[in-house]
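Here are a few friendly notes to read alongside the model. Take them one at a time and look up each residue as you go.

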Amino acid sequence: TMASMMAILREGHLKAVFQMFAFLKMRHNAVMVFDPNEPELDETQFLREDWSATPYGTCTDDVPPNSPDPRGVGFIMRAFVDFDHAGDLITRRSRTGFMVFLNSALIYWYSKKQGSSE
């Protein structure tokens, strides 16, 4: 990110900032469109883990007897997590991040560089 370059600015960083502002200026009236469709993912590409062992035993959520019946179509929430080890070539710090999708719409994301390097 550009914020990580504040300590050792170069001319190329300034050009990148100008490009970002030019992009935003051209699209100041743009809108975001969310796709409500469920994404098609090949789940065979993901590693399967056994999460059955838990210190909490068999937990269940009790549904109140006066709760309303479900309405409409359901949705799928997916979360993806990734990290890199010493990805910053200058400080050798790692970065961790995750994204949360509701169907195909990205609703939350987070990325953070570790605080210190040992």
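**Notes on the strands and rings**

1. Strands S2 and S3 run antiparallel to each other and are joined by 8 bridges; two strands pair if DSSP finds at least two bridges between them. Together S2 and S3 make a hairpin with 2 residues between them, and Asn 103 in that turn has a positive phi of about 55°. Across the pairing, Met 99 stands opposite Trp 109 in S3.

2. Please remember that this is a predicted model, in which local features need pLDDT of at least 70 and side-chain atom pairs count only at pLDDT 80 or more, while totals for chains, interfaces and linings use all residues. Residues are numbered from 1 along each chain as its sequence is written, and side-chain values use heavy atoms, leaving out hydrogens and water.

3. How confident is the predictor? The average pLDDT (confidence in each residue, from 0 to 100) is 80, and 88% of the residues score at least 70.

4. The protein has 1 helix and 3 strands, in the order α-β-β-β along the sequence. Helices (H or I, at least four residues) and strands (E, at least two) are DSSP runs, numbered from the N terminus.

5. Have a look at Ser 94, in the loop between strand S1 (77–84) and S2. Is Ser 94 buried or exposed? Ser 94 counts as buried because its relative accessibility is 13%; buried means under 20% relative accessible area, exposed over 50%, and partly exposed in between (1.4 Å probe, protein chains only). Of the 118 residues in the protein, 8% count as buried. A polar atom of the Ser 94 side chain lies 3.2 Å from the backbone oxygen of Asp 84.

6. Now the aromatic rings: the whole structure holds 4 aromatic pairs. Rings of Phe, Tyr and Trp (its six-membered ring) pair if their centres lie within 6.5 Å; planes under 30 degrees apart count as stacked, over 60 as edge-to-face and the rest as tilted. Phe 80 and Phe 101 are edge-to-face, 5.9 Å centre to centre with 80° between the planes. Phe 80 belongs to strand S1 and Phe 101 to strand S2, so this pair ties together parts 21 residues apart in sequence. Phe 46 joins Phe 80 and Phe 101 in a cluster linked by ring pairs.

Key: pLDDT = per-residue confidence, 0-100. Polar contact = N/O pair within 3.5 Å; in protein donor to acceptor, adjacent residues only side chain to side chain.
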